Amino acid sequence: TEKMPTLLAGPCSIDSEERIESIAKQVSDVGGKILRGGAFKPRTSPYSFSGFGAPALQWMRQAADRHNLQIVTEVMSEHEVDTVADMTDIVQVGSRNMQNFALLRQVGAVKKCVLLKRGRSATVSEWLMSAEYLYASGADSVLFCERGIRGFDGETRNLIDLGTVALLTHHYGLPVVVDPSHAAGRRDLVVPLSKASLAAGAVGLMVEVHPEPSTALSDGPQALSYDALRRLAQSMDLECNR
Ligand code: PEP
Ligand code: MN
């Protein structure tokens with residue numbers, strides 16, 4: 001029997017205690033298993049909101065525990081590995097840090113599951129080698145997250161590389177999670193890209209969701225509404241939909 005896909009969902013950045021509670025409830029209600037949310041955010045501009053840091057991790061941990069969810073959150077620097085690892089189930093290494101080898105070694109050393117996002121211009125072999133760094137330093141397991149690479153046309157922001165999703169899944173037998181939110185950068189493309197990703201072999205989808213996307217502190221335009229998340233989950237054949 002085929003393994004059922006996993007839904008990872010949550011806000012781009014954790015913006016308040018109340019909101020992460022509300023989002024956790026929604027993710028759990030629709031059958032999601034893992035709550036995502038950023039407390040340490042990599043932003044292209046130093047003037048953009050970069051997350052509420054450690055207090056936000058606490059808010060997310062408590063919300064996740066209340067709703068029986070696991071957590072995935074990003075660690076940006078070697079200095080924060082212990083703080084983040086203490087609070088999270090899965091440690092996320094972001095696209096911009098895929099080849100930050102010192103960070104990879106430190107993250108591996110905490111012996112957890114790692115969600116390794118593909119660098120926006122990383123080849124498959126570079127991606128695999130970064131996973132190798134994690135395993136070599138002790139990581140428990142690595143989930144590969146395709147989030148779009150840089151193409152020649154910015155119209156859909158990043159180019160979601162489904163060929164590579166299929167290659168890692170079917171040739172290498174590796175677990176791939178697709179993040180259509182950061183790939184497309186716009187919410188109307190998230191559902192069709194999600195379906196394509198599952199067809200290509202992804203074991204899970206990581207999507208951004210927000211109760212009021214226009215007020216999100218980052219990435220509002222790609223955040224799904226609660227209704228849209230529910231519809232996506234219903235179309236996914238999650239365990240709870242059977
Ligand atoms: C994220 O998932 O929060 C994120 C910043 O994504 P990426 O590293 O893929 O840009
Ligand atoms: Mn985001």
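How many nonpolar, polar and charged residues make up the shell around ligand 1? The shell divides into two nonpolar, four polar and six charged residues. Here Ala, Val, Leu, Ile, Met, Phe, Trp, Tyr, Cys and Pro count as nonpolar, Asp, Glu, Lys and Arg as charged, and the others, Gly among them, as polar.

The model is predicted, and local features need pLDDT of at least 70, side-chain atom pairs pLDDT 80 or more, while totals for chains, interfaces and linings use all residues. Residues are numbered from 1 along each chain as its sequence is written, chains are lettered from A and ligands numbered from 1 in the order in which they are written, and side-chain values use heavy atoms, without hydrogens and water.

The residues around ligand 1 include Arg36, Lys41, Glu74, Ser95, Lys117 and His182. Polar contacts are pairs of N or O atoms within 3.5 Å. A side-chain N or O atom of Lys41 is 2.9 Å from a ligand 1 oxygen. Ser95 places a polar backbone atom 2.9 Å from an oxygen of ligand 1. For Lys117, a polar side-chain atom lies 2.7 Å from a ligand 1 oxygen. Taken alone, ligand 1 exposes 300 Å², and the protein buries 96% of that. These areas come from the Shrake-Rupley method with a 1.4 Å probe.

The structure holds zero disulfides (pairs of cysteine sulfur atoms within 2.5 Å). For Cys145, the closest cysteine sulfur is in Cys113, 12 Å away, too far for a bond. Cys145 is buried, at 0% relative accessible area. Cys12 also counts as buried, at 5% relative accessibility. Buried means under 20% relative accessible area, exposed over 50%, and partly exposed in between, with a 1.4 Å probe and protein chains only.

How values were computed. A residue is near a molecule or strand if one of its heavy atoms lies within 4 Å of it. A polar contact is a pair of N or O atoms within 3.5 Å; within protein, one must be able to donate a hydrogen and the other to accept it, and residues adjacent in sequence count only if both atoms are side-chain atoms.
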